[in-house]
Amino acid sequence: MDKQIPVLEALQDHLKKNPLPLHVPGHKMGRGFPAEAAVWLGAGLRLDLTELPGLDDLHQPSGAIEEAQQLAAHAFRCDETYFLVGGSTAGNLAMILTVCRPGDKVVIPRNAHKSVHNAVMLAGARPVYLTPDVDEEFGIPTVIHSEQVELALQENPDAQAVLIASPTYQGVCSDIREIAAVVHHHGKPLLVDEAHGAHFSFHEELPPSSIQCGADLVVQSTHKMLGSLTGTAMLHGNRGRYDRERLRTMLGMVQTSSPSYLMLLSLDAARFQMQTQGRKLLGQALQTIAQGRRECGQIQGLRLYEGSGDVSLIDPFKWWIQVKGLGISGLEADQILRENLGIYCEMADEGHVLAVFSFADTDKQVNRLLQGLRSLKEYIKSDWRQKLSKTVSGPAEHFFRLEQAMLPKDALQGFCQRVKLEEAAGQVAAEPVIPYPPGIPLILPGERYTKELIEYLQEMKTIGTRFQGTDDPTLEYVRVIEQESANVRTVYHI
């Protein structure tokens, strides 16, 4: 493997042939692309090609893509790597579908991303939920402990696998090495949704990468924290505890049959960048980030999450900033930063904003955020302090402990009816309710609504939270099971 960026070199070799494209896509290497947009995409449109001789095939790689994936496996220090053009969502779907058949048990965190829960429903699997610790002061779920995993496997010896989400959306990492030891002691594979941790492999001051801590399959959103295009990700594997052929079959089922070569190229290039410059780029950024975190912690009225209790591993690039000390909500702080200062944060909730930095950020970007945070109080409206007392205090542990009255897949496919949210207490959800971001369901199909959860959802509505998964995005109505004993239409047979 003597090529540096095999996908790029294969595309360049193709262009040297002065090809006449009598094949898809229809814009014909950019000639027919809308001019208003083409000015922004430029020469890259010539590389938006399809599976031609010499360009390889993502679903049966034997040339440039195969070589690029092998180089990625070497860079991330694992046995094999698969490129994903459907984000970490595709990887989570493929992992669960690989290890689970209908009726199989799988151990997952209740605060997993919606794609993990969707995968469980598609597989027709039976979820065994792990409840994360919760930092109620900062309103976030934190770690899963190895002791919890041990207990879950003792009580469910027939579980097929364990999946852990680490790091969390706010950058909190569980001890994957300890968890892997427990899972492997029981003879099971460990899967990790490490969507936010693609950079961990390339600097020793960052938390360790799950694939290097003994996990068997690990999904990373390369686009989130490295330099590839939005929607690209990688699935890393250490062979021995999963069926490789089934994994490849499932990847072919959940990914498009027409992958974008621009996306594949960006994955290959991002790997090359990290492999050759990653430690230097990350090291420079980490110095700037460390100084910025210190300064952020000194701003009056703000608090920056630095971990507590059993939380010792945090991604320093994630800034979970509590703003309640200013007398405003996180959504109001986010609005001020966005509308007055042009600063767009990753997300906000009732008491916090989340700022995400990467290796590409310098002191210029860090200082701009710090200046914006210092000026927040200048924009506070007189009525916001009064409104703050009516906002939500943050998620508490019992919101992850709803009664599971039906299997998620059965509830999703069951007969349902619409009821007003305030009338849903005691009824079984037929659809998920997912605040987005971060994309973690507060209730899943098959779980029973409680009065406390309904009150929480109503409060979230008042502060402008956006919801996914529901037929009614305003959440005035929700779908619930018409009758728990109703016949269920089984749709998915994998």
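**Exercise 1. In this predicted model, which residues does Thr-288 touch, not counting residues up to four places away in sequence?**

Start by locating the residue: Thr-288 sits in helix α10, which covers residues 261-296. Next, list its contacts beyond four places in sequence: Thr-362, Asp-363 and Val-366. Now take one of these partners, Val-366. Thr-288 and Val-366 are separated by 78 residues in sequence, yet their C-alpha atoms are 7.6 Å apart in space.

**Exercise 2. Decide why Thr-288 is classed as buried, exposed or partly exposed.**

Look up the relative accessible area, which is 21% for Thr-288. Then compare it with the cut-offs: buried means under 20% and exposed means over 50%. The value falls in between, so Thr-288 is partly exposed.

**Exercise 3. Work out the strand order of the open sheet and name its edge strands.**

Trace the 7 strands across the sheet: the order reads β1-β9-β8-β7-β6-β2-β3, with mixed pairing. The edges are β1 (80-84) and β3 (126-130), each of which pairs on one side only. On average, neighbouring strands are turned by 20° against each other, direction ignored.

Zoom in on one pair: β8 (residues 217-220) and β9 (residues 233-237) run antiparallel over 4 bridges. Here Val-219 has Leu-235 of β9 as its bridge partner.

**Exercise 4. Find which strands helices α5 and α9 lie across.**

Take α5 (residues 114-123) to begin with: this helix lies across β2, β3, β6 and β7, at about 170° to β2. Then turn to α9 (residues 244-254), which lies across β1, β8 and β9 and runs at about 10° to β1.

How values were computed
Residues are numbered from 1 along each chain as its sequence is written. This is a predicted model: local features need pLDDT of at least 70, side-chain atom pairs count only at pLDDT 80 or more; totals for chains, interfaces and linings use all residues. Side-chain values use heavy atoms; hydrogens and water are left out. Two strands pair if DSSP finds at least two bridges between them. Helices (H or I, at least four residues) and strands (E, at least two) are DSSP runs, numbered from the N terminus. Axes are lines fitted to C-alpha atoms, for helices over the stretch in contact, and angles run from 0 to 180 degrees between N-to-C directions. Contact means heavy atoms within 4.5 Å. Buried means under 20% relative accessible area, exposed over 50%, partly exposed in between (1.4 Å probe, protein chains only).
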